[in-house]
Amino acid sequence: MRATQRLVLRAFDWTLLGSTVFLLIIGLFALYSASRTSGGEASYHIRQLGWVAIGIVLLAAGFLLAHRSLDALDFLAIPAYVLSLAMLVLLLLRPGTGVESWLSIGPIRFQPSELAKVALVLIMARVLSNRPPEKLGMRHFLVPALVAGAPFILVLRQPDLGTALVFGAILVPMLFWAGLPERALLFLLSPAVGILASSHLPAWILFLFILLAILLLMRASLVFAGATLGFNMLVGLAGPLLWNSLKDYQKDRILTFLDPSHDPLGAGYQIIQSEVAIGSGGLAGKGFLEGTQKGLSFLPEQHTDFIFSVVGEEFGFLGCVILVVLYAVVLGRILLAASRTRDRFASLLVIGFFGYLSFQVVVNVGMTLGLVPVTGLPLPLLSYGGSSMTTTLFAIGVVLGVGLRRRR
């Protein structure tokens, strides 16, 4: 073996790849279990195996592009972004489809929003890498905000609030990594907190006082402090309008998050059954294929959004801990790859994928435990679904490729 090959094998992130493979195996076993219910047997695990095979091809493609030709990824950014927006617009223009986020091409059905996540990461990395961090200011936030805002609004119109929020989870870490000043991030993030606090007057007043204290500690200029406080007050006052603009099911999800018992047979059913399934697993679980909540079909969406609950019921607290540790290793290795590479475009790419994957893991696990509202986000590498699986594996392939570039 030549010295170069030995160097590549030594530098390759086997930990990231190994953790990914373990998660894929756990996911296939969990899907096999979720397929066996009292209502009959499905073949989610078989179909998922096909998506994993396609995803591995895309992982290899992402790896080669990131390792050999970052320029190609840079070149693909605009076409991928435009194509994803066109598909999202097409979804909205189709007559009589109602709530629908899938497009069909022949026998293949896929979610354009999954492509839009990857496309946003690519184009944001292209936009932000063209300017050195020391020259980034408040005005440079506008273009990225518009770029992320377009898919956000189109997906929100489907309506799919959970997926729309992923675009924000991509935008904020990439802006931070690009070097946008802290005050700009404060201006960007504080309204999101403020609008939550605006549902309760004392909480909103307390939030404004805390915001004022932070601005004083930062020694912000009078103009910036006034603009930040004024913007937050406007957003807070617009809270009732935003609430009224939500769909009934979205309001139900938020109300159910605050009190699952207010509609135990409707919107609260998923959360309650998920908590029962995970809680009944105890320390070591009921055993593989022995989950009763899952087996009797009490647990809804157990092969997609609530696959974590299947693991919790059959493998208990220990199984959940192992799963969370594996995700922590994957996300930690991604963060490490971003910090080690010397290429600004590549580093931003990896941080974008970190934001997108970490948000989905935290929200999905939190959702099954009743810690966050039900949003319909899949658990990366475990939930059944070709669009999510293939885009996630492509993202990990890019990270693996970037990881090998750190020596250049």
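## A first look at the chain and its salt bridges

R333 forms a salt bridge with D13, with their closest N and O atoms 3.1 Å apart; a salt bridge here is a side-chain nitrogen of Lys or Arg within 4 Å of a carboxyl oxygen of Asp or Glu. R333 sits in helix α15 (residues 307-340) and D13 in the loop between α1 (3-11) and α2 (14-35), so this pair ties together parts that are 320 residues apart in sequence. Please keep in mind that this is a predicted model, in which local features need pLDDT of at least 70 and side-chain atom pairs count only at pLDDT 80 or more, while totals for chains, interfaces and linings use all residues. Residues are numbered from 1 along each chain as its sequence is written, and side-chain values use heavy atoms, leaving out hydrogens and water.

**The chain overall**

- The secondary structure comes to 17 helices and four strands; helices (H or I, at least four residues) and strands (E, at least two) are DSSP runs, numbered from the N terminus.
- Of the 408 residues in the chain, 48% count as buried. Buried means under 20% relative accessible area, exposed means over 50%, and partly exposed lies in between (1.4 Å probe, protein chains only).
- Among contacts with a separation of 6 or more, 72% come from residues 24 or more positions apart, where contact means heavy atoms within 4.5 Å.

**The salt bridges**

- The structure holds four salt bridges, including the R333 and D13 pair described above.
- In that pair, R333 is partly exposed, with a relative accessible area of 25%, whereas D13 counts as buried at 14%.
- R126 forms a salt bridge with D74, the closest N and O atoms being 3.3 Å apart. This pair links distant parts of the chain, as R126 is in helix α5 (residues 112-129) and D74 in helix α4 (residues 70-93), 52 residues apart.
- R126 counts as partly exposed at 27% relative accessibility, and D74 is partly exposed at 24%.
- K286 forms a salt bridge with E313, and here the closest N and O atoms are 2.9 Å apart. K286 lies in the loop between α13 (269-280) and α14 (292-295) and E313 in helix α15, so the pair ties together parts that are 27 residues apart in sequence.
- K286 is partly exposed at 30% relative accessibility, while E313 is buried, with a relative accessible area of 0%.

**The bent helix α15**

- Helix α15 has 34 residues, yet its end C-alpha atoms are only 34 Å apart, short of the 50 Å that a straight helix would reach at 1.5 Å a residue. The expected span is 1.5 Å times one less than the number of residues.
- A kink of about 130 degrees in α15 is centred on F315; the bend at a residue is the angle between axes fitted to the seven residues ending there and the seven starting there.

**Helix α3 and its surroundings**

- Helix α3 (residues 44-68) packs against α4 at an angle of about 110 degrees, with their axes 5 Å apart. That makes α3 roughly perpendicular to α4.
- Axes are lines fitted to C-alpha atoms, for helices over the stretch in contact, and angles run from 0 to 180 degrees between N-to-C directions. Angles under 35 degrees count as roughly parallel, over 145 as roughly antiparallel, 65 to 115 as roughly perpendicular and the rest as oblique.
- L65, A66 and R68 in α3 meet L70, A72, L73 and L76 in α4.
- A53 also has its place in helix α3 and is partly exposed at 44% relative accessibility.
- A53 and T390 are 337 residues apart in sequence, and their C-alpha atoms are 8.9 Å apart in space.
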